[in-house]
Amino acid sequence: MADGRFYITTPIYYVNDEPHIGHVFTTTLVDVAARAHRLVGDEVFFLTGTDEHASKVSDAALERGLSAQEWADVNAGRFREAFTSYRFSNDDFIRTTEPRHTEKVQEYMAALLRSGDLYEGEYEGWYDAGEEEYVPDGRARELDYKSPISGRELVRRKETNYFFRLSAYEDFLLELLDENPRLVQPDARRNEVIGRIREGLQDVPASRTGSSDWGIPFPGDPEHTVYVWIDALFNYLSVVDTDARRSLWPADVHLIGKDILWFHAVIWPAVIAALGKCPGYEWVTQPGLIYAHGFWINEGQKMSKSLGNFIDLAQLDGYAERFGLDALRWYLVTQGPLGANDSDFAEARFVEVYNADLANTLGNCINRVTNMTGRYLGGSAAEPGTHPDSGVLERAAGEAVARFTESLDRFALAGCAGAGMDLVREVDAVIERTRPFALAKDEARAPEVGAILYDCAEALRIASLLLWPVLPQRTEAFWERLGAAAPREFGAADTLRSQAAWGGLAPGTPIAKGPALFPRHQD
Ligand code: MSP
């Protein structure tokens, strides 16, 4: 990021089923971060995609009488379509069945075999079939031999496999985490990871054998396939391991859910370290940040397959139709489980937040300012000038921009959104204090009215820039009313710094009234 490039990833999603709120949530957060970084002028690479070689994919295919590849194609198509309809701004979409990925994975595995970090051996342990992972003995006991995710019994399993020498990386990982306190965030998650590493690391399987040949053939031993988690983690690398993209490495942010923290915060850094020691891979260095968010629950209840209560695309689409895609994004980002805690997705809360923030604050403020500009100033921005609250909004706008960039540096996306919305609240406060609607009755005070409304419109212009990453559609519509180019059309020189400079709104600019951007929702 220091070099102005910003590489950010979502997890790649299993294609045993169609997308649900969890997938849309993580991808929305990454989309917001990607847009925010583009806004501050970074060259952004946003990667998402699908993880296809899991046995739950081949099992689900079998149930339907399809080949694993056919079922993966169907669901990868659904993910892609959904992500297009949600207008995510990803720069690539990787499917782990693509040759550009499978060929690279075989090269990485071959290098790790040569270095000795992969070896053939026998393993016996407690296996969580749904999650396709072994659970260390001590932890299995703590969990009463049940999967923490599905609740199903862990099974005792023995297999001959290739293993990754994770146990050799215990000190390395503890040091890495110690020296880079921001590598794994939030802090609660970081502490959890450190605690578990201290309990001791066992080697982990890196290959599978068995009835199904669904997977990437293991180099030199085609009886084996590459273990799906190793295959999947490598997507972050394989996609940028080309001459044109290698300079994007390392990823600045891997955004994930707390369910897959162990793989990302322990196994992945160890695999990176192991590969980075292999000739030709010295450039493979550690990521900047592994950020694990919490989980959504549904109206107070944990979502699960058995309860059949996942908030699915049909429901999310329903919200997008009733309130707009931007409103759904706003709810996900400002009310979602960005930190260590879980959040409840509840319809009543959605409506409350929509009305409070979008209808009554942002939408209403834009209406007030454009209406007053129409009524008192003939519909165009007046000259700036002095009035009782002079300087207040200019200062507030400067502070909001600073808060936005500072929040972005900390990956505090709700803080970025809050910076924009609080600036809107400041505009409302200035209107309440200066009362341009009352001053307008006295013709002699017309310049003051013009100056107040200039400041209000200018602050709204800057606020809408700060809100753009979360509310791209409606803020662009507002910018168009101001006759300004939308952020998506910004050139390299038009970064937040230049565009948010106070005074960017030229006097005389027509400020068109328009339909309410966020009509109030009545039940
Ligand atoms: N394929 C693996 C990830 C491999 S990454 C190298 C996987 N896929 S998944 O389809 O199960 O997606 C998991 C991700 O979906 C979580 O990490 C999280 O980002 C998101 N969510 C799934 N359920 C969720 C909630 N209930 N709430 C929020 N996000 C959750 O794991």
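**Reading the model, feature by feature**

Modeller: Let's start with Arg-87, which sits in the loop between helix 3 and strand 4 (92-95). Keep in mind that the model is predicted.

Colleague: What is the phi of Arg-87 near?

Modeller: The general idea first: most residues other than glycine have a negative phi, and most peptide bonds are trans. Now the case: phi of Arg-87 is near 55 degrees, a positive value for a residue that isn't glycine. Asp-144 is another non-glycine residue with a positive phi, near 55 degrees. You'll find Asp-144 in the loop between helix 5 (137-142) and strand 7 (155-164).

Colleague: And the peptide bonds? Which bond is cis at Pro-186?

Modeller: For this one, read omega. The bond running from Gln-185 to Pro-186 is cis, and its omega is near -10 degrees. Pro-186 belongs to the loop between strand 8 (184-185) and helix 7 (187-198). There is also a cis peptide bond between Trp-249 and Pro-250, with omega about 0 degrees. Pro-250 is in the loop between helix 9 (235-238) and strand 13 (253-257).

Colleague: Next, accessibility. Is His-53 buried or exposed?

Modeller: Compare the relative accessible area with a cut-off: under 20% is buried. His-53 has 8% relative accessibility, so it counts as buried. As for its place in the chain, His-53 is in the loop between strand 3 (43-51) and helix 2 (55-63).

Colleague: What does the side chain of His-53 pair with in a polar contact?

Modeller: With the side chain of Asp-231, at 2.6 Å. If you set aside residues up to four places away in sequence, His-53 touches Thr-96, Thr-97, Thr-102, Trp-214, Gly-215, Ile-216, Val-228 and Asp-231. Notice that Asp-231 turns up in that contact list as well as in the polar contact.

Colleague: How would Leu-66 read: buried, exposed or partly exposed?

Modeller: Leu-66 has 32% relative accessibility, so it counts as partly exposed. Leu-66 lies in the loop between helix 2 and helix 3 (68-85). Leaving out residues up to four places away in sequence, Leu-66 touches Ala-61 and Trp-71. For a sense of separation, Leu-66 and His-293 are 227 residues apart along the chain, with 34 Å between their C-alpha atoms.

Colleague: On to the cysteines. How many disulfides are there?

Modeller: The test is a pair of cysteine sulfur atoms within 2.5 Å. By this rule the count is zero. Take Cys-456, which is in no disulfide: the nearest cysteine sulfur belongs to Cys-365 and is 6.8 Å away. Cys-456 has a relative accessible area of 0%, so it is buried. Cys-278 counts as buried too, because its relative accessibility is 2%.

Colleague: Last, the ligand. Which residues come nearest to the ligand?

Modeller: Start with the shell, then look at individual atom pairs. There are 23 residues around the ligand, and those that come nearest are Ile-12, Thr-26, Asp-51, Asp-259 and Trp-296. By class, the shell splits into 13 nonpolar, eight polar and two charged residues. Strand 2 (13-14), helix 1 (21-39) and helix 8 (228-233) each give the shell at least two residues, and helix 1 has the largest share, with four.

Colleague: And which polar atoms of the protein lie by oxygen atoms of the ligand?

Modeller: A polar side-chain atom of Thr-26 is 2.6 Å from a ligand oxygen. For Asp-259, a polar side-chain atom is 2.9 Å from an oxygen atom of the ligand. Tyr-14 uses a polar backbone atom instead, 3.0 Å from a ligand oxygen. As for cover, the ligand taken alone exposes 680 Å², and the protein buries 94% of that.

Key. Residues numbered from 1 in each chain as written. Predicted model: local features only at pLDDT ≥ 70, side-chain atom pairs only at ≥ 80, totals over all residues. Heavy atoms only, no water. Buried < 20%, exposed > 50% of the residue type's maximum accessible area, 1.4 Å probe, protein only. Polar contact = N/O pair within 3.5 Å; in protein donor to acceptor, adjacent residues only side chain to side chain. Contact = heavy atoms within 4.5 Å. Near = heavy atom within 4 Å. Areas by Shrake-Rupley, 256 points an atom, 1.4 Å probe, with all protein chains shown as cover. Nonpolar A, V, L, I, M, F, W, Y, C, P; charged D, E, K, R; others polar.
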